[in-house]
Amino acid sequence: MSARAFLCLLLVAAACGGNALASPTPAPSPLPAAELKYRVMDAGGRVEFCDPDYYPIARADEDQLAKARIGDIQKDAETYAAITARVGTDVLTVYREWKALNALRLTPLSTTAPASWSFAYRSTGKNAGPSPAPKQGPFFQVEGSVNVNGKVDITKNVTAGAVPCPICLAMDTRIATPRGDVLVQDLRVGDVVWTLEASGERVAAPLIEVGKTPVPNTHEVVLLALADGRAVRASPGHPTADGRSIGDLRIGDELDRTRVVQAGRVPYT
């Protein structure tokens, strides 16, 4: 074999089997917080939360709020990019995603050099969408951790109850109780009121929390007059027992075993 041939064989061998000159694989870049949260929801299901546009004051102006806040959302370039990569650029959809991401909290497992975060949240399952409408379940309590590269470790995923979202009523609203109607502002923790189970059956249950919240001077409520003489005042987005919104009810619609005979909006005073 000639020297020229031998030299060529050495070069081929070096090209085929030598790794000394190969570039090392770069370490993956840390993912932004929004993408980490999406990875968590990919693994554990969509976060269920009390939408601040509906609880505790249901304002029914979500579309207007989305248009007002989209500029601020876009200023957070990483979050906006993560959202639009998933759902596109529709303003209302982006806004709903932004609220969901804010609701999912990641807690650093180390305060010095965080590389992993823990999470614990209520999930509506992997197929749930971003609609703010109340979900009927099933719900799950999901807990675990996610590292800086998006690797999710689920340590708990069990059936759980719905998130208890508070909803406010106007003062002087009468609440049905086993001892008769009581003004909402006169109720206290432990008082027993009539409510509905998931099956729709009427049951008596004690109040576990009572609170109040301020509203802007521009806040409006829906005023419904019912055929049996009752009147209802509530925020437009307040849900009925069957999942409709008070603001969507029209004359002739059925409500609590009677019908609406008048519907309109009035300033809350």
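Reply: Strand S9 (residues 220-226) and strand S12 (residues 258-267) pair in the antiparallel sense over seven bridges, where strands are DSSP runs of E with at least two residues and helices are runs of H or I with at least four, both numbered from the N terminus, and where two strands pair if DSSP finds at least two bridges between them. This is a predicted model, in which local features need pLDDT of at least 70 and side-chain atom pairs count only at pLDDT 80 or more, while totals for chains, interfaces and linings use all residues. Residues are numbered from 1 along each chain as its sequence is written, and side-chain values use heavy atoms, with hydrogens and water left out.

Within this pair, Leu-223 has Gly-264 of S12 as its bridge partner. S9 and S12 belong to an open sheet of four strands, ordered S10-S9-S12-S11, with antiparallel pairing. Strand S10 (231-234) and strand S11 (254-255) stand at its edges with a single partner strand each, so one side of each has no neighbour in the sheet.

Another open sheet of four strands runs in the order S1-S2-S3-S4, and its pairing is antiparallel. Here strand S1 (107-108) and strand S4 (152-160) are the edge strands, each pairing on one side only. Strand S3 (residues 139-147) pairs with S4 in the antiparallel sense over eight bridges, and Gly-144 finds its bridge partner in Ile-154 of S4.

Away from these sheets, Asp-191 sits in the loop between strand S6 (182-183) and strand S7 (192-196). The side chain of Asp-191 reaches the backbone nitrogen of Arg-188 at 2.8 Å, a polar contact (a pair of N or O atoms within 3.5 Å, one able to donate a hydrogen and the other to accept it; residues adjacent in sequence count only if both atoms are side-chain atoms). Setting aside neighbours within four places in sequence, Asp-191 is in contact (heavy atoms within 4.5 Å) with Arg-179, Asp-186, Ala-205, Pro-206 and Leu-207.

Among the helices, H3 (residues 62-75) and H5 (residues 91-103) pack at an angle of about 75°, with their axes 9 Å apart. These axes are lines fitted to C-alpha atoms over the stretch in contact, and angles run from 0 to 180 degrees between N-to-C directions. H3 and H5 are therefore roughly perpendicular to each other, a term covering 65 to 115 degrees. Residues making the contact include Leu-65 and Ile-70 of H3 and Val-94 and Trp-98 of H5.

Overall, the protein has five helices and 12 strands.

Methods:
Parallel < 35°, antiparallel > 145°, perpendicular 65-115°, else oblique.
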